[in-house]
Amino acid sequence: MIEARHLRVLRAVSTTGSFSAAARELGCTQPAVSQQMKALESSAGTTLLIRTGREMRLTQAGEALVRHASGILAGLTAAEEEVAAIAGLRAGRVRLVSFPSGSSTLVPGALAALRAEHPGTRVSLVEAEPPRSVDLLREGDCDIALAFRYGATGGEWDDLVVRPLLTDRLIGLLPEGHRLAEASSVSIGELAEESWIAGCPRCRRQLVEVCEESGFAPRIDFATDDYPAVMGLVGAGLGVAVLPELAVESVRPKGARAVPVEPAIEREIVALTLPDLARVPAVAATLDQLARTAAR
């Protein structure tokens with residue numbers, strides 16, 4: 001195998017015309033240059049230099065290797081500089097996937113802080129709800145997945161690096177004229193006879209489970225993944241809903257009142273990545289900024 005350090009020595013010998021001059025240019029000893037040239041000829045399997053008195057002349061194979069050496073060494077230098085830039089956060093790319101309420105609350109502040117601290121790091125964003133977002137991470141289509149879950153599920157994320165961000169409480173949404181709109185809190189059981197407006201599939205499943213634990217099956221008349229649409233339907237008096245607090249923060253409800261639900265129903269918000277990706281400087285910096293933003 002031909003090594004880059006041997007190519008640098010060959011190029012120096014070719015340029016200067018002797019081992020001693022090449023040694024001075026490279027800042028090493030003449031025996032070191034001679035030793036590396038022997039190693040290079042051994043790797044190449046042929047003679048690369050012919051000694052004529054005090055001068056060195058390249059063989060045809062030596063000329064060919066020198067001709068390629070410039071491009072190889074230039075490419076290697078460029079690669080080293082690019083890797084150093086990425087390692088030093090002067091460059092780099094992070095592909096982030098997030099659920100909508102995370103995109104509108106946690107992500108903007110985190111990415112703004114990341115850009116201010118590391119302007120050379122680029123972050124792209126697409127939206128997907130878990131478990132699809134987690135699948136994208138495992139399939140290699142993103143570097144960080146912002147996800148959530150209701151209650152710990154054994155083994156669900158055991159193969160991933162899990163960075164806890166915050167606990168997000170579900171909030172009841174009632175029309176302004178509702179009998180419980182001015183209450184300090186409301187229990188799910190008090191809304192058993194209401195028409196329900198459900199959110200994303202995972203939130204919908206959680207709603208059904210919580211209602212069943214309270215002894216009733218919710219009558220879901222409307223279902224939409226769009227949180228502003230949920231709030232609009234509630235504001236129009238078409239039903240009640242429960243939404244994550246992050247979603248309520250991201251959209252100002254018109255004609256609807258937000259009321260805490262008792263007992264508290266919470267979901268865990270996390271940032272996920274793969275173990276190898278967690279060691280990439282740009283990914284680690286993004287995780288740190290997401291955690292700082294969530295803590296504010």
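Student: At what angle do helix 1 and helix 2 pack?

Tutor: Keep in mind that this is a predicted model. Helix 1 covers residues 4-16, and helix 2 covers residues 19-26. Their axes lie 8 Å apart. The packing angle is about 120 degrees.

Student: Is helix 1 roughly parallel or oblique to helix 2?

Tutor: Roughly parallel needs an angle under 35 degrees, and roughly perpendicular runs from 65 to 115. The angle here is about 120 degrees. Therefore helix 1 and helix 2 are oblique.

Student: Is the crossing of helix 1 and helix 2 left-handed or right-handed?

Tutor: Follow helix 1 as it passes helix 2. The crossing is right-handed.

Student: How many charged residues are in the contact of helix 1 with helix 2?

Tutor: Helix 1 brings Arg8, Val9, Ala12, Val13 and Thr16. Helix 2 brings Phe19, Ala21, Ala22, Glu25 and Leu26. By class, the contact has 7 nonpolar residues and 1 polar residue, and the number charged is 2.

Student: Is helix 2 roughly perpendicular or roughly parallel to helix 3?

Tutor: Helix 3 spans residues 30-44, and its axis is 8 Å from that of helix 2. The two pack at about 105 degrees. Angles of 65 to 115 count as roughly perpendicular. So helix 2 and helix 3 are roughly perpendicular.

Student: How many nonpolar residues are in the contact of helix 2 with helix 3?

Tutor: From helix 2 come Phe19, Ser20, Ala22 and Ala23. They meet Gln30, Val33, Ser34 and Met37 in helix 3. None of these residues is charged, 3 are polar, and the nonpolar number is 5.

Student: Which side chain does a polar contact of 3.1 Å join to that of Arg267?

Tutor: Look among the contacts of Arg267, which include Ser101, Thr167 and Asp168. The 3.1 Å polar contact is with the side chain of Ser101.

Student: Is Arg163 buried or partly exposed?

Tutor: Arg163 belongs to strand 6, residues 161-175. Its relative accessibility is 28%. Buried requires under 20%, and exposed requires over 50%. Therefore Arg163 is partly exposed.

Student: Which side chain is joined to that of Arg163 by a polar contact of 2.9 Å?

Tutor: Beyond four places in sequence, Arg163 touches Val270, Ala271, Leu287, Asp288 and Ala291. The 2.9 Å polar contact links the side chain of Arg163 to that of Asp288.

Note on methods: Residues numbered from 1 in each chain as written. Predicted model: local features only at pLDDT ≥ 70, side-chain atom pairs only at ≥ 80, totals over all residues. Heavy atoms only, no water. Helix = DSSP H or I, 4+ residues; strand = E, 2+ residues; numbered from the N terminus. Buried < 20%, exposed > 50% of the residue type's maximum accessible area, 1.4 Å probe, protein only. Contact = heavy atoms within 4.5 Å. Polar contact = N/O pair within 3.5 Å; in protein donor to acceptor, adjacent residues only side chain to side chain. Axes fitted to C-alpha atoms, helices over the stretch in contact; angles between N-to-C directions. Parallel < 35°, antiparallel > 145°, perpendicular 65-115°, else oblique. Left-handed = near helix turned anticlockwise from the far one by under 90°. Nonpolar A, V, L, I, M, F, W, Y, C, P; charged D, E, K, R; others polar.
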